[in-house]
Amino acid sequence: MPTSAHTRLPGRFNVVSADEVAKLCYERFSQLPRRGKPEPGREWTLLAAVLQITRGADSHSGFAMEVVSLGTGTKCIGQTAMSPTGDVLNDSHAEVIARRGCIRYLIQELHGAVSGRGSSVFCAADERGKWKLRPGVSFLLFTSHTPCGDASIIPMTDSQPQPCPPVTSVKGHEQTDGGGDLKRKAEESGEVQNSKQPRLEETAEMKEEDRGDTEQCGSLNFNKTSETPSQTSSSADLAQTDGAGLHHQVSDIHRTGAKCVLGGPADPLQPGVRYHSPGVLRVKPGRGEPTLSLSCSDKMARWGVLGFQGALLSHYLQEALYFSTVVVGKCPYDQEVMQRALVTRCACVSDLPAGFSVRPPELLQATLEFPFSQAQTELQHQAGQGRISPCGAAISWCNITEQPLDVTANGYKHGVTKKALGTAKARSLLCKLELFHSFLSLVSATDPSALPNSLRKAELQTYWDYKQASQSYQQAWQQLRSQAFPLWPRSDRNLLLFH
């Protein structure tokens, strides 16, 4: 493994440094092959990573910090492109890519544990067939930009430059699309688009959706518990206190492209600070066709209660896995908004089954900006390069021995032809089907006498069966849904019956 993907800090540095985390992630990205990376000066992307932290036996030993999964991406497929065979990668936002790559890493570690080869992550737990984290091991999530959705509804202060003029009216726009149309109008007035495209052509059914956060302006309610737009402040200016304790006036906010879920409060779409309803569930933005993928803010809030290991790996784990810390790179950021989006909405969830709890992460921001961020790309842009656009590809790298790199576009392997669609050659290693097969390989490698009780049912066949058989996870999800997220859309069972 490249040395920069791993660093050890002495005992006097026994606290995680946000800048050290960002530096490690950016260095790991720089060492990856060119395939799938943005074209400098013309394309931008977002980066996220999962880091494993291993602390010594005492406070003087310091700790090691290692990137175990890294992802880039800004896209999400429309709902009609979702596959009943699980062979399409639905959500390619960086945070989701990094988390799914981490699942691959954890499956490899569990393989080592059940086979007797050993694991740097897991040790045997009390319950038969169950495993738990080794003492001193924890995980951290880094993202180069605030998560899309609620965490990106960030106030602009009178001391900050605004990325666009304040919104004065929404009349005259037939469809605001959470900022998408305004963004498109700005793009269409720019230079001619570069002809470079992923090889797999986008069709009307497969077209992915851009992540459209913090590029336009809108509204905010600082009441962390309210989901009712009618309670939004009627003032044109709101007060904000920054991390240094300085008081600023808020005249506008960054907007998110993520749309409110159906059945809940809608965005008021009022001028300035009253454009958005804060604290509500949102689906990732669509350009025409809607998506069914919840925003990264919502998914990360869910991980803070259910863990990031998912239902399948919960079969093998005595306790859910939580991110101890979330670090955000240099970008528009507000600590109160992050706290509301990732922590406050789920803070009162109770009556969770054994192994699950509300685990709010520590929230930190780095001062280092991702070199391929949208802002940096705009600074590097030169005449003749064509208009600036998000990179169409998504990259996944994880610390495993076989096929650690996976580059995708439009939910399939990058560069695959339409003729290969529906074959194993076209599948991303992160799609549901591939992760399910990896999990089944783990089950097969487990001695029958050491199988967890939940996997001893003869009727388990489909992906849906195995997820539902993870009863503690499903009970925790039911408590979270009923107490905090009753409007979270339910998965279509017909899309989960593959095997």
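**Figure 1. Contacts and overall make-up of the predicted model.** Among contacts between residues at least 6 apart in sequence, 74% join residues at least 24 apart. The model is predicted. The protein contains 10 helices and 22 strands. Of its 499 residues, 58% count as buried.

Figure 2. The largest nonpolar core is made up of 56 residues. Leu-106, Phe-139, Tyr-316 and Phe-439 have the most contacts inside this core. Helix H2, residues 94-115, gives the largest share, 10 residues.

Figure 3. Leu-313 belongs to helix H5. Its relative accessible area is 2%, and because the cut-off for buried is under 20%, Leu-313 counts as buried. Leaving aside residues up to four places away in sequence, Leu-313 touches Ile-103, Leu-106, Ile-107, Leu-110 and Phe-439. Two of these partners, Leu-106 and Phe-439, are also listed among the residues with the most contacts inside the largest nonpolar core. Leu-313 and Ser-470 are 157 residues apart in sequence, while their C-alpha atoms are 8.7 Å apart in space.

**Figure 4. The largest pocket and its lining.** The space in the largest pocket comes to about 1,300 Å³. Its lining consists of 48 residues. Nearest the centre of the pocket lie Arg-302, Lys-432, Tyr-463, Lys-467 and Ser-491. By class, 26 of the lining residues are nonpolar, 11 are polar and 11 are charged. At least two lining residues come from each of the helices H2, H4 (296-306), H5 (310-314), H8 (432-445), H9 (463-468) and H10 (471-483).

**Figure 5. Strand E17 between its two parallel partners.** Strand E17 spans residues 323-328 and is mostly covered, with 5 of its 6 residues buried. Strand E9, residues 137-143, runs parallel to E17 and is joined to it by 5 bridges. Within this pairing, Thr-143 has Val-328 of E17 as its bridge partner. E17 also pairs with E18 in the parallel sense, over 4 bridges. Here Val-326 stands opposite Leu-363 in E18.

Figure 6. Strand E21, residues 405-409, is mostly covered, and 4 of its 5 residues are buried. E21 pairs with strand E20, residues 393-398, in the antiparallel sense over 5 bridges. Trp-397 stands opposite Leu-405 of E21. The hairpin of E20 and E21 has 6 residues between the strands, and Gln-403 in this hairpin takes a positive phi near 50 degrees. E21 is also joined to strand E22, residues 412-413, by 2 bridges, and these two strands run antiparallel. In this pairing Thr-408 stands opposite Lys-413 of E22. The hairpin of E21 and E22 has 2 residues between the strands, and Asn-410 in the turn has a positive phi of about 60 degrees.

**Figure 7. Leu-32 and the residues it touches.** Leu-32 lies in the loop between helix H1 (18-30) and strand E2 (43-44). With a relative accessibility of 7%, Leu-32 counts as buried. Residues up to four places away in sequence not being counted, Leu-32 touches Lys-37, Leu-70, Ile-395, Trp-397 and Leu-405. Trp-397 and Leu-405 are also the pair that stand opposite one another where E21 is concerned. Leu-32 and Ile-395 are 363 residues apart along the chain, and their C-alpha atoms are separated by 9.3 Å.

**Figure 8. Two loop residues with positive phi.** Leu-269 is not a glycine, although its phi is positive, about 60 degrees. Leu-269 is found in the loop between strand E15 (259-260) and strand E16 (282-283). A relative accessible area of 27% makes Leu-269 partly exposed. Asp-351, likewise a residue other than glycine, has a positive phi near 60 degrees. Asp-351 lies in the loop between helix H6 (335-342) and strand E18 (362-365). At 64% relative accessibility, Asp-351 counts as exposed.

Conventions:
Residues numbered from 1 in each chain as written. Predicted model: local features only at pLDDT ≥ 70, side-chain atom pairs only at ≥ 80, totals over all residues. Heavy atoms only, no water. Core = buried A, V, L, I, M, F, W, Y, C linked by side-chain atoms within 4.5 Å. Buried < 20%, exposed > 50% of the residue type's maximum accessible area, 1.4 Å probe, protein only. 1 Å grid on protein atoms, 1.4 Å probe; cavity = no way out; pocket = protein on both sides within 12 Å on 5 of 7 lines; lining within 4 Å. Points joined across faces, edges and corners; volume = space filled by probe spheres on them. Nonpolar A, V, L, I, M, F, W, Y, C, P; charged D, E, K, R; others polar. Pairing = 2+ DSSP bridges. Contact = heavy atoms within 4.5 Å.
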